[in-house]
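Here is a quick tour of a structure, written for someone who likes distances, torsions and angles. Have the viewer open while you read.

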Amino acid sequence: MRERIWAPLPLLPLLLLLLPPPLWGGPPDSPRPEAQREPGPLQPFDLLYASGVAAYYSEDYEQAVRDLEAALRSHRRLREVRARCARHCAARRPLASPGAGPAAELPFFRALLERARCYRSCQTQRLGGPASRHRVSEDVRSDFQRRVPYNYLQRAYIKLNQLEKAVEAAHTFFMANPEHMEMQQNIENYRTMAGVEVLQLVDREAKPHLESYSAGVKHYEADDFELAIKYFEQALREYFSEDMECRALCEGPQRFEEYEYLGYKAGLYEAIADHYMQVLVCQHECVRELATRPGRLSPIENFLPLHYDYLQFAYYRVGEYVKALECAKAYLLLHPDDEDVLDNVDYYESLLDDSGDPASIEAREDLAMFVKRHKLESELIKSAAEGLGFSYTEPNYWIRYGGRQDENRVPSGVNVEGAEVHGLSMGKKSSPKIDRDLREGGPLLYENITFVYNSEQLNGTQRVLLDNVLSEEQCRELHSVASGIMLVGDGYRGKTSPHTPNEKFEGATVLKALKFGYEGRVPLKSARLFYDISEKARKIVESYFMLNSTLYFSYTHMVCRTALSGQQERRTDLSHPIHADNCLLDPEANECWKEPPAYTFRDYSALLYMNDDFEGGEFIFTEMDAKTVTASIKPKCGRMISFSSGGENPHGVKAVTKGQRCAVALWFTLDPLYRELERIQADEVIAILDQEQQGKHELNINPKDEL
């Protein structure tokens, strides 16, 4: 049991401050549409889910669909009931303030017990039985959070030839799992099956406040400020409603990770404090929860303040200066030192009629109340952490660099008629931040290498295209090695077609090539060439981008992709879908999330091509929308494209429609902790081979054992 450091905290008054204000909701028997009612008691969603999965594997797809859809409805209904009952009972059973004198706390605990009884009665009535029937395992909870039931559903619907429903299920799953390449390919296949260029994609689990926010941003960027205001205001109403639900759901069971359950021997007040502090921290974290898109770990930066930042300028543009001033002052509640918005406040005040007193116009009440509660919670959590002996670090919820991607700042000191207001930048938006100095143009180190294009000519950041990195003879030798060492699915977890069913993928690593060379299965000289040219590429990248620290290999892979005969007619998919190498690309949010399962440690990438006797297969860069192509490169012998690995460089490969396309793919890192293990082993093998060739001394080990 952890050691307690007690401080003289007046616990009951503290708890009263911690408890949320009443959240208004209807009585337990308030009507809801009959179409949404389930007959009889609500069935536990985990049992329905298990039944649906079992039916799927038994190939009873109709039953699978029925049970899986019922499981999703039950899960959704359970959340609704818990949130509604929490709101209802908070309103019907307010907590009494403790008085003074003997038994002063009894009215408080009486109110607490009445609220607990209300909550249990409400849930039992709405669920048609005890709430304990609906407690599920962490595995099931995780599956529903990751939208796994929709993966089963899309497969079952396809088996039942219900394409539209399959597309909805596939898209819903994909929105929370954007790294799932197979699902992305399924959606492309469904589009081909439907014979349409664009399918109406529906996310069945979309969060309304995120959808409205995205719509507001799109209208804002199109200079349609009336509609932008409509959607941003709608997004705020939905946000605060979602916040109420999130906070209500935090009041469920808590896990005491620092204790064995049966060994938990805390006293009354300590137990109450332990439980309630976990609830309060959960509620405090709703800010992060509501700013995080499905399937993501990182929230949208500065999410809630941005609503008011967009609104202050949109209201200004439609001539509603009082509302613009209210929104600007609201934004300053969270960023009081933002000089641009401070200037805007001065300017908006100068536009008001003489009859209005600028000092009487205050920040928007919705955010003012929210910020007041948020700050009080923060103070109480920190105070309790100090007094009760647990650790807590306040996250930075309002990161400043999550700003509007435009130049809309109101110039101060001019009247509205003469104001020169900067419109939206209609060119390329600023690239994602890179945590290092950006430089390029360093020496290429080797003779005969031809510089082709730099970043500017390739319409991007940290990009370079070079020719003659390999000679024709070296290309032929490498291609010959490839045919001798490559295995189907090698480097792709054994998947023969990891990115598209229309091509076959084969690969091999440097260590494997050296092993085959030493065993005599391929010429050792040719195997070593693979090692040497990859090192040559590393040195070129390190020098050209003028890196001030060593660049290490993080993965080296020779790969060939071959067009499969009979599967090339009317292809619309890509050989490799648009992606970034060290973050998860989210085209809808125009973001790239640097978090697992992405290889976040990768810093630079390079592709060294070996041939051009194939059709298709162009390498393409795009904008972060994964659609707008900014550069296209046709592979050929000795050509190398290199670029930084982040969201500033989304890229992919067009379909290979005939023949075989081969290249050496290289990923590099500046962090020595993520050096490629096989590369280190390959370095050791090369050192042994060099010693053997030099004949300095005789080795008494079998190099095969080293492999």
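Predicted model: local features only at pLDDT ≥ 70, side-chain atom pairs only at ≥ 80, totals over all residues.

## Disulfides

Let's start with the cysteines. How many disulfides does the count come to? It comes to seven. Three of them are set out here, with the sulfur separation and the torsion about the S-S bond.

| Pair | S to S | S-S torsion |
|---|---|---|
| Cys-85 and Cys-122 | 2.0 Å | about -80° |
| Cys-89 and Cys-118 | 2.1 Å | about -85° |
| Cys-475 and Cys-637 | 2.0 Å | about 95° |

Take the bond between Cys-85 and Cys-122, with its sulfur atoms 2.0 Å apart. Cys-85 and Cys-122 are both buried.

Now for Cys-89 and Cys-118, which are also joined by a disulfide. Here again distant parts of the chain are linked: Cys-89 sits in helix H3 and Cys-118 in helix H4, 29 residues apart. The torsion of about -85° makes this disulfide left-handed. What about burial? Cys-89 has a relative accessible area of 1%, so Cys-89 is buried. Cys-118 comes in at 14%, which is under the 20% cut-off, so Cys-118 counts as buried as well.

The disulfide between Cys-475 and Cys-637 has its sulfurs 2.0 Å apart. It ties together distant parts of the chain, 162 residues apart: Cys-475 belongs to helix H17 (residues 472-485), while Cys-637 is in the loop between strand E12 (629-633) and strand E13 (640-644). Is this disulfide left-handed or right-handed? It is right-handed, because the torsion about the S-S bond of Cys-475 and Cys-637 is about 95°. Cys-475 is buried, at 3% relative accessible area, and Cys-637 is buried at 13%.

One more cysteine to click on is Cys-327, which is buried with a relative accessible area of 1%.

## A serine in a strand

Next, jump to Ser-575, which lies in strand E6 (residues 574-579). Is Ser-575 buried or exposed? Its relative accessibility is 0%, so Ser-575 counts as buried.

A polar contact of 2.7 Å runs between the side chains of Ser-575 and Glu-503. Another polar contact, at 2.8 Å, pairs the Ser-575 side chain with that of Arg-561. Setting aside neighbours within four places in sequence, the residues in contact with Ser-575 include His-499, Thr-500 and Phe-505, along with Val-653, Lys-654, Ala-655 and Val-656.

## Two packed helices

Last stop: a helix pair. Two packed helices are described by the angle between their axes and the distance between the axes. Helix H13 (residues 303-317) packs with helix H15 (residues 339-351) at an angle of about 30°, and their axes are 12 Å apart. That angle makes H13 roughly parallel to H15, since angles under 35 degrees count as roughly parallel. The crossing of H13 past H15 is left-handed.

Which residues make the contact? On the H13 side they are Asp-309, Gln-312, Phe-313 and Tyr-316, and on the H15 side Val-341, Asn-344, Tyr-347, Tyr-348 and Leu-351.

Terms used: Residues numbered from 1 in each chain as written. Heavy atoms only, no water. Disulfide = S-S within 2.5 Å. Buried < 20%, exposed > 50% of the residue type's maximum accessible area, 1.4 Å probe, protein only. Helix = DSSP H or I, 4+ residues; strand = E, 2+ residues; numbered from the N terminus. Polar contact = N/O pair within 3.5 Å; in protein donor to acceptor, adjacent residues only side chain to side chain. Contact = heavy atoms within 4.5 Å. Axes fitted to C-alpha atoms, helices over the stretch in contact; angles between N-to-C directions. Parallel < 35°, antiparallel > 145°, perpendicular 65-115°, else oblique. Left-handed = near helix turned anticlockwise from the far one by under 90°.
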